[in-house]
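Student: I have a model open and want to go through a few of its features. Can we start with the aromatic residues?

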Amino acid sequence: MVDDEPELAETLLADFRTATGGAPTRPAPVTWTGPAQALPARLPVTALATGTVAAAATAAAELVAVRTGGVPPAVTVDRAAVATAFTSERHLRVNGESPGSSFAPLSGFWRTRDGWVRTHANYPHHRRRLLAALGIAQDTDDEAAATLLRATLAGRNADEVAAAVTAADGLAVAARTPAGWAAHAQGAAVAELPLLALRRLGDAAPRPLPAPPGDPLRPAAGLRVLDLTRVIAGPVGTRTLALLGADVLRVDSPRLPELPAQQLDTGFGKRSTLLDLAAPADRATFDALLAGADVLVTGYRPGALARFGLTPGDLAERYPGLVVATLSAWSSTGPWARRRGFDSLVQVATGIAAAEAGPDGERPGALPAQALDHGTGYLLAAAVLRAVAARHLDGGSWHAELSLAQTAGWLLDHGGAGRPGVAADTTPGAVPDPAPWLAEVDTPAARLRYALSPVRFAGSPATWTHPAHPLGADPAAWA
């Protein structure tokens, strides 16, 4: 049993404050409740989860103080609520039915001649690239493809397989130990980075915000957020900003597919529209949205939006006062900076999966939640709120930069290399009852059960103003 999770959560909150320049006002007081290890694991996952939620909640409370000139409301972080929220995709029910696993049949671990490879094929285009890289016909069904994958990969080296799939623009990584990641060029590059970065990009006049409306208290009320993120981490961050009162408009390309259950889970409180930035008319619409935005959040690979002139520097020059938050898998530095990545792959490449291996130590394991995604999402929301507070007081354009690999680095740095010999607490009752932290809502299409937000402070909203809108259902305009 890991017994220092509460102290490590305080450490993460302190690391967040250091990375963002400290609290802009008197720090919000925090009360921690619930079981010390709500997400049982060898690594300190509960500390990561509760610390990142505390960062978001205190940043929200401190923005209240900035906007009102008063004191920040008190924050409560309940570990059971956090554990439920960090597994929100598992608790989602549509008309009483589970949407099923979020992982496709060809997403998983495969034994190689010298170790293990983890693949990601949740989206059709990722599946196509994986099969093409390994010489498997595209019309092969999943069961037959899995059989062929097992046979093919068993005779090849893990790094060789990962390189071949990556070269085909697919997604695969070789499993490494924490020491192996530290010795890798990308691991060494990420090790030089803080938990996250928040930088002032240029001068702009302060944008004072009026006191937010109360009952409930929504500290992000009046903010317009353009959300160019997908999957979990970015959408969790913008879902949190929506809870806190921001007008969040998610913008997707009409050419990229989305998983319906994922959209339902992470779309609460947002509106959704479709724009093709390569089409002149849509680009003009997007530029008009940017001109009225306070915040732009992107979750694409570093450099992927540069051809559209959407780098943080370009944006700060054209839209003074804009807050830009960029999220990536591997960070913006190192040889893997421009690679795609997902939580499951980052866990495997960085050595987290090795630290969480089963009792025999043979097959790689996994964290009890997609904690890199969820944790980075709450840090993203916290960094945006801190930037908005700084802009209110001192002006400027701001850039928040986060990555799953940096969050993984914090977890490994504070986990004693997986705490050898420390078994995860899997005794009955170790995982808290999620029922108090679940709610239901009727939508035009279905009745949804969902996880409530764990971001709580005195007077905070208990839930979102509305459930997820269907993908692309809203006009490309501010409310």
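Predicted model: local features only at pLDDT ≥ 70, side-chain atom pairs only at ≥ 80, totals over all residues.

Student: How many aromatic pairs does the structure hold?

Tutor: There are 8 aromatic pairs. One of them is phenylalanine 86 with tyrosine 378, with the ring centres 5.7 Å apart and 15° between the planes. That pair is stacked.

Student: Where in the chain do phenylalanine 86 and tyrosine 378 sit?

Tutor: Phenylalanine 86 is in helix α3 (residues 79-86) and tyrosine 378 is in helix α16 (residues 371-394). They are 292 residues apart, so the pair links distant parts of the chain.

Student: Are phenylalanine 86 and tyrosine 378 buried or exposed?

Tutor: Both phenylalanine 86 and tyrosine 378 are buried.

Student: Back to the tryptophans. Why is the pair of tryptophan 330 and tryptophan 336 edge-to-face?

Tutor: Because the planes of tryptophan 330 and tryptophan 336 are at 85°, and the cut-off for edge-to-face is over 60 degrees. Their ring centres are 4.9 Å apart. Tryptophan 330 and tryptophan 336 are buried.

Student: Which strands pair with β11?

Tutor: Strand β8 (residues 224-228) runs parallel to β11 and is joined to it by 4 bridges. Strand β12 (residues 323-328) also pairs with β11 in the parallel sense, over 4 bridges.

Student: Give me a bridge partner from each.

Tutor: Aspartate 227 has valine 297 of β11 as its bridge partner. Threonine 298 has threonine 326 of β12.

Student: What do β11, helix α13 and β12 make?

Tutor: A right-handed β-α-β unit, in which helix α13 spans residues 312-318.

Student: What lines the largest cavity?

Tutor: Its lining is Arg250, Gln263, Thr266, Gly267, Lys270, Arg271, Ser272 and His469. The elements that give two or more residues to that lining are α11 (260-266) and β10 (271-274).

Student: And by class?

Tutor: The lining of the largest cavity has 5 polar and 3 charged residues, and no nonpolar ones.

Technical notes
Residues numbered from 1 in each chain as written. Heavy atoms only, no water. 1 Å grid on protein atoms, 1.4 Å probe; cavity = no way out; pocket = protein on both sides within 12 Å on 5 of 7 lines; lining within 4 Å. Nonpolar A, V, L, I, M, F, W, Y, C, P; charged D, E, K, R; others polar. Pairing = 2+ DSSP bridges. Right-handed = clockwise from strand over helix to strand, strands pointing away. Phe/Tyr/Trp six-rings, centres within 6.5 Å; stacked < 30°, edge-to-face > 60°. Buried < 20%, exposed > 50% of the residue type's maximum accessible area, 1.4 Å probe, protein only.
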